[in-house]
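Please look over the sequence and the structure below before reading on. The paragraphs after it lead through a few of its parts.

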Amino acid sequence: MLALELAVADGPATPVANEVASRSLRQIVWARLRRDKLAMICLLTLIFLYLLAIFAPLICDLLGVDPYSFDKESISDSGGGPVGPWGGISTEHPLGVEWGTGRDIFAQLLYGLRISLLIATTATILTVCFGTVLGIVSGYARGKTDAVIGRIMDLILAFPFLLIILALSGVLTQRLTQLGVPDGNPSRILYLIIVLSIFGWPYLARIVRGQVLSVREREFVESSVAMGASRFRILFKEILPNLWAPILVYATLTLPTYIGTEAALSFLGVGVLPPDTSFGGMLGNSVSYFSVVPSYLFIPGTVLVVLVVTFNLVGDAVRDALDPRAGRV
Amino acid sequence: MNKTSKGLRLAAVGAVVALALAACGGGSGSSDAGGGAEPTKGGTLYYLTNAEQFDQIDPQRIYTGEDLAFFNGTIYRTLTAYKFSPDAAEATSIVADLATDTGTATNGGKTWEFTIRDGATFQDGSPVTCADVAYGTSRTFATDVITGGPTYAISMLDIPTLEDGSSAYKGPYTGEGQELFDKAVTCSADGKTITFNLSRPVPDFNYAVTLTAFAPVPKASDTGEKYGDAPVSSGPYKIESNKNGKGGKMILVRNDKWDPASDDYRKAYPDIWEVDYGLDVKVIDQRLITSSGNDATALALGLEPEQLGVIYKSATEANPEFAGRAISELDPYVRYLAINVQKVPNLKIRQAIAVALDRDALRKNAGGDFAGDYADGVIKPNMGVDYAPTGMWDSLLGAKIPDAGDPELAKKLIAESGEAAPTITFDYPQSPTADKAAAIVVDSLGKAGITAKPNPIEPGQYYGVVFDPEQAHELINAGWGPDWPNASTIIPELFTPTGGFNLSQYDNAEFNAAVEAAKIEPDRAKQAKMWQDLNTLAMKDVVVVPTRFGREQRIVGKQIGPVYLWPAYGSWPYGEMYAVQQ
Amino acid sequence: MVILLLLLTLVVFILFSLLPADPARLTCGKGCTPAVLEANRHKLGLDLPVIQQYWEFMKGLFVGRIYAADSPDPVVCNAPCLGYSFKRGEEVLVLIKDRLPATIWLALGAFILWLAAGISVGVYAALRRGRWQDKTVMGISLAGYSLPSFFLGLMAIFFIVIRLQLLPYPSYVSPFENPIQFFQTMLLPWIVLAILYAAFYMRLTRNQMLEVLGEDYIRTARAKGLPERIVIRKHALRAGLTPIVTAAGLDLAGLLGGAIITESIFSLPGLGSLAVNSVNDADLPVIVGITLVTATFIIVANLIVDLLYAVIDPRVRLVS
């Protein structure tokens, strides 16, 4: 539900804290954030999750599990279900094993987290770059450029993006391979990153454009123009620094959306290739078994929700810190 | 009989059947339902399916076993048909249907004659004549219009082939070469007797005509490609309405022009057959388990793995509350991985792939003993005389190969091959279970140093892709069952260039010659021996890696019978099913 | 807007003419020879250049078209022809019409639920700003929009259907055929979708209300001694409604294009599941058709929302 959540950021009430002139924005925000206990807990959780993802192989080694090896002893020869209750949870397999193969769920989760965070983080960075540049250009140039960019944005926003991503995954992944991206997961992951960014940037661009329209009328911009500063300088040295706040808020709220979207897409089958797994794939697999082994549904589901909730909470906190008027309480 | 999930249109059907099969496997046990109640006329039988439409309804285009059984049992009469029986030997013997007997061969098996029964009519009351059977048969030749069906008519009838390998007869629509067909298939003056002149002796041609591809079609009603939308029935039912898609239904009602006196084969018990399309697989299972209301007389084709523990005590025995309405039987199919020999020409490499593969893990993933037994070739023990152990895993590859594979031996074979360890791609129709199977393939081949890349293909596009030599890769997931109980419908189809399912792209002159010889061998016992040897030969050449002789589990509602897996098609015995009247 | 739609069809067409699975080959069968393949391609109109295919398509929209006109077996597709699916042997428009009811029921039911819940709870939270009720509401809302729809849907099936057995497995029927089963089937998907959307509308409404309640004219209205109920309803809510209407219109339009995930989890025969199946089958005409219909919904909804603005908020003048 990309459109929906992005609309949170797209809403009317994200004016920038314009009063921040003397102290740097970063200092103010940081000071406010530090006072918000919930936000700090979430931030630490996030750091923890990123560390888990980055050091997944190391952690799996320590625990003696890995997501690829098949433990035939842990599944039944009659039906292929896990031996033992709760999906085969044991000291060997802290979160149980996969139906039919006996692969370790905990290790799969950590590796899934890696892929999820990689895709969502990279796509967010790209979205922010596209959205900011095009938003600034559109807002500053006005006239024809603005109209063209506006039309493109309307066009993109009108597309049923999930359907398009599904329909084009085969051909575009192939194209990427032809362009020299390694076959298999690298091109599949890159495809997801690219399409998520393409369908995500217009939301940010609209916000940025609105900001630029108001900032460009302010005296300091006019004085730089009068002083004969280059257009590039005006755009990126004078105007851009005033846009960091909405961009930051937008980024923190987009990241969790992308995590959810990526999971949804791999749920629908556009995900990483076996033997790798992702959250969405694990949840998709759980459908055939969850009346017997509910943990297949709840373990990856819970991790996914925790991930998204903490990101959203941090996003909210950043927004509050940037603009206490519009935030929560 | 025929392909497992074969057919170019076979989107959902194949996916689901394959999935259900993959998850299951089982034992024996067939019995009558409804507490042994006598079959009575009347009532409605429901066929619940996840598919959103039949693969094909056009008689000349149907090629999945279940569909052949269903339509043959309800709307399409054929010259001969398989006996209804749970016993494999009996069910693979034929009886007369549209013909008065099971046919007469003359000219050393190159000429076959069938006499059409009196009283057999189409749904408009007009009699079925020789011309209708001949016309139906001729449609198969229009390969640009009639796609997807079996092509035995083309390969068997005495009609010359052109340089490009296609028949000189182009079907009734263009009429090109019509005189050739009219010479190959002739009718007697009274229109009662049809004669098929074949290009070679085919001792079991009367089995081939059980396929609906040889069913009669009245020329006046043929609408070409769209004939399947409104086909003309010759059986006890006719299509009243058909609406594809989720929530759609096909309704078959009694064909009042069908004369029971002319048809001692079909029992035609129920008044109505209703096919409910596009149901969720879980919904189907749940409804059949509960079996309330209309679902008491419903049937379906597979079970989700999570239900196996609910319904079965073991892979061969149902729990008491499901006794008599749950089956777990060997199906007709062999599962295998085809190796594209054009892309993997080196025998040692092919051997290494077979040796390295962890068939034990694959079987476990498919459901362990519910999924069937390890296969040693493409001919299954329930084929009868044509089966003999090939010794594939005992001696053929030079050593005894454990079910879990032998990566060390595989490495040795690669070293002997004189080539570097290969990188291969594994094509398979995507599903969660198949993804896990792909992971097993990748992992077990990887242990032998072979780099395998999984290539999941959308199930609906699968055969379109793997039959395209430009798109198919080295290792191809497949399954096949015979079209009738003679390995002439397996070995030539799978391993010769003229075969319809030669995913391996195998073309070995010596092998081809042996196949041609076996095809025309009139002595069935000798022929069986020849098929056995060819099966062994193909395994020795590692054209495919057989993984499993499949088993399958199914349940029906509480008031439907008889409940057994009909070995003829590995299907329900549609033509003699009934609703138990309360 | 017309230009946008035209542009849209063109982009969709170009995008999908890149698809790898050759539809001609998919309808070709195993005895496929190059000649047959070529004939198939011709029948499907794939032998023409993309631009001409596009032209044929546009022509089909307005005057209908005939596939394989020069063959003995032409297929007529009457205007407005969105294309013909050879895979399913049906006009795309017919397919879409068949699937639209389920999608509309799903969207409308969820829409009503989420608007009612979202706005009322949002107003409530705004009126109790900063108190525990407000905090609870905001917490729930956060959880609501953090839950991925498929996880929420699967959980609903697990608890309500499998464990508690409060409802049977969802199995769609038309409400005119079997209203009880219809409601039993739709209840969970409605609630699941409504939770996702309501979460957002709660926040939106609350923030809007807070902003408006701080305005002078509200203070004036209160000073005049108007009952609080009237102040809230007549003055505050109406003024704060504009962005809610915008979002609601666009969200509804988006849902009418098919909630792919919700439909596939609850196996509803809507546009979303048709879309997924068509992707699976490489049934190009259907994918193109659905994309166009969906995008048209969104573009039209944009227009309607703009018009509604003027009705709700007289300060907005229509500028075109």
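**Salt bridges, a buried lysine and an interface**

Lys447(B) and Asp443(B) are separated by about one helical turn, because they lie four residues apart in helix H14 (residues 432–447) of chain B; helices (H or I, at least four residues) and strands (E, at least two) are DSSP runs, numbered from the N terminus. Their side chains meet in a salt bridge, with 3.3 Å from N to O. A salt bridge is a side-chain nitrogen of Lys or Arg within 4 Å of a carboxyl oxygen of Asp or Glu. Lys447(B) counts as partly exposed at 48% relative accessibility, and Asp443(B) counts as partly exposed at 21%. Here buried means under 20% relative accessible area, exposed means over 50%, and partly exposed lies in between (1.4 Å probe, protein chains only).

This is a predicted model, in which local features need pLDDT of at least 70 and side-chain atom pairs count only at pLDDT 80 or more, while totals for chains, interfaces and linings use all residues. Residues are numbered from 1 along each chain as its sequence is written, chains are lettered from A and ligands numbered from 1 in the order in which they are written, and side-chain values use heavy atoms, with hydrogens and water left out.

The structure holds 40 salt bridges over all chains. Arg524(B) is in helix H18 (residues 524–540) of chain B, whereas Asp386(B) is in the loop between E16 and H12 of chain B, 138 residues apart. Arg524(B) is partly exposed, with a relative accessible area of 30%, but Asp386(B) counts as buried at 0%. Salt bridges also link Lys72(A), Asp358(B), Asp360(B) and Lys364(B) in a network.

The loop between strand E16 (372–374) and helix H12 (392–396) of chain B also holds Lys380(B). Is Lys380(B) buried or exposed? Lys380(B) is buried, with a relative accessible area of 1%. Its side chain reaches the backbone oxygen of Tyr333(B) at 2.8 Å and the backbone oxygen of Gly550(B) at 2.9 Å. Not counting residues up to four places away in sequence, Lys380(B) touches several residues, including Leu330(B), Pro332(B), Tyr387(B) and Phe549(B); contact means heavy atoms within 4.5 Å.

Now turn to chains A and C. The size of an interface is often given as the accessible area lost when the parts come together. Chain A and chain C bury about 4,400 Å² between them, 81% of it on carbon and sulfur atoms; buried area is the accessible area (1.4 Å probe) that two parts lose on being put together, summed over both. Chain A brings 52 residues to the contact and chain C brings 53. The count between the two chains is one salt bridge. Arg203(C) forms a salt bridge with Asp316(A), and the closest N and O atoms are 2.7 Å apart. Several helices of chain A each supply at least two residues of the side that touches chain C, among them helix H1 (2–10), helix H7 (143–158) and helix H14 (295–322). H14(A) gives the most to that side, with 12 residues.

Chain C itself has 13 helices and four strands. Of its 320 residues, 55% count as buried. The C-alpha trace of chain C spans about 85 × 55 × 35 Å along its principal axes.

Key: Polar contact = N/O pair within 3.5 Å; in protein donor to acceptor, adjacent residues only side chain to side chain.
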